[in-house]
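Look at the sequence and the model below.

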Amino acid sequence: MYKLNNKFASVALGLLVWQSASAVTLEEATSIQRELVTLDSHLDTPANLVVPGFDILERHSYGHDFSQVDVPRMQEGALDGGFWAIYSPQGPLTKEGYEQSRDTALLRALAIRTMVTAHPDVFTFATEASEASEIKKSAKHIVYMSMENVYPLGTDISLLDTFYKFGLRMVGPVHFKNNQFGDSSTDPDGTKWDGLSPLGEKLVVEANRLGIVLDGSHAHDETVKDMIRLSKTPIILSHTGSKAIYDHPRNVDDALLKTLAASGGVIQMNAYSEYLAALPADPERKEAFKGLMALVKNGSEREIILQKRREIEHEHPGVKASFDVYMQHFLHVLNVVGPEHVGIGADWDGGGGVDGMMDVVNLPMITQRLLDEGYSKKDLANIWAGNALRVLQQAQDYAVSLKAKQ
């Protein structure tokens, strides 16, 4: 149903040519990256924090437990931190569903805070845009908190203030399906609200009042347009790709990109392979994953689940988009809106990863490629953190201005 543009068909050849022509070594790129504040705007790693036996301080590997972020790999990949996401699965739009999800979300927020308080020599929690550079200077990792899908709020907008007090500073209305706040880009039943719902419009007002950045990733184009139109501060797409490169509903077209940039907003480039390119179907792999999910639902031990996953990856290896395709999305968006409106949100531990960049260790490949393409150190500073922090600062400045008027 979705098509990859013909001009990007020779991916493997293009990657080979780029690698052989690279003027900047990976070591040089890594050194430059270490000088910058580097943030990823969408880390799903908090899901691992509640997994028995997972230690964020220990080095893991994607091949063994399929995790993508831990402290040793962050240090090797020169990643200072990012927005660590609260996510809880969406259930029915009922009081019981909301309450169950709310409790899960609160526990996930607590897990993020506990990670920081348990390791004060490694992490520092951040709530202000200005804090990122100071945390980096202290040689600690930066922890902002975000929420992917505000379904857990139910119909009680005041709960947003509760999460704000926990430290929440970025919020996305929807995930895979429509909910009480608005339309998703991927609901199989199509749109329900033609954008934001009336409750979603109230969410925008409350987020603006508190100084929380609004995140349009996963939202339907009409929902994103409503968010841009109604928000008094710029919004962010924390992990999204280019529809011009791959026509998928999770991506945005050039017209919407330009509207986003004109409003001061930022798109953070996603590395979720299924949203980057058309990948071959594998019915056997899909069927095998059904068996894996049955083990999960039955409460099987973690090592049994991991062993089953390793067997699936050996017998039915998943096909990923290439790093070059990821950079085609990246470079196209940079060409359309410029380096003041682009950043990085690869969806680590939430399905992100491309061939050659399956965890945060390989992030300097992005810096290397951008340097080879002629982008400056100032551009890189904006892309790696400056743009996202600028949007956060604008949200916070607006909230302060409202209080000054009271």
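The report begins with aromatic pairs, then turns to charges over rings, a helix and cavities.

The model is predicted, so to speak of a local feature pLDDT must be at least 70, and side-chain atom pairs count only at pLDDT 80 or more, while totals for chains, interfaces and linings use all residues. Residues are numbered from 1 along each chain as its sequence is written, and side-chain values use heavy atoms, with hydrogens and water left out.

**Aromatic rings**

Rings of Phe, Tyr and Trp (its six-membered ring) pair if their centres lie within 6.5 Å; planes under 30 degrees apart count as stacked, over 60 as edge-to-face and the rest as tilted. The count is eight aromatic pairs. One of them joins F83 and Y144, which are stacked, at 4.8 Å centre to centre and 15° between the planes. F83 belongs to strand β2 (residues 81–86) and Y144 to strand β4 (residues 141–148), so this pair ties together parts 61 residues apart in sequence. Helices (H or I, at least four residues) and strands (E, at least two) are DSSP runs, numbered from the N terminus. F83 is buried, with a relative accessible area of 1%, and Y144 is buried at 0%. Buried means under 20% relative accessible area, exposed over 50%, and partly exposed in between (1.4 Å probe, protein chains only).

The pair Y326 and F330 is edge-to-face, because the ring centres are 5.8 Å apart and the planes are at 90°. Both residues lie in helix α14 (residues 323–337), four residues apart, about one turn of the helix. An α-helix has 3.6 residues a turn, so residues three or four places apart point the same way. Y326 and F330 are both buried, and together with F323 they form one aromatic cluster.

**Charges over rings**

A charge sits over a ring if NZ of Lys or CZ of Arg is within 6 Å of the ring centre and within 35 degrees of the ring normal.

| Charged residue | Ring | Distance from ring centre |
|---|---|---|
| R113 | F125 | 3.9 Å |
| R169 | Y164 | 3.8 Å |

**Lining of the largest cavity**

Helix α10 (221–230) and strand β7 (236–240) each supply at least two residues of this lining.
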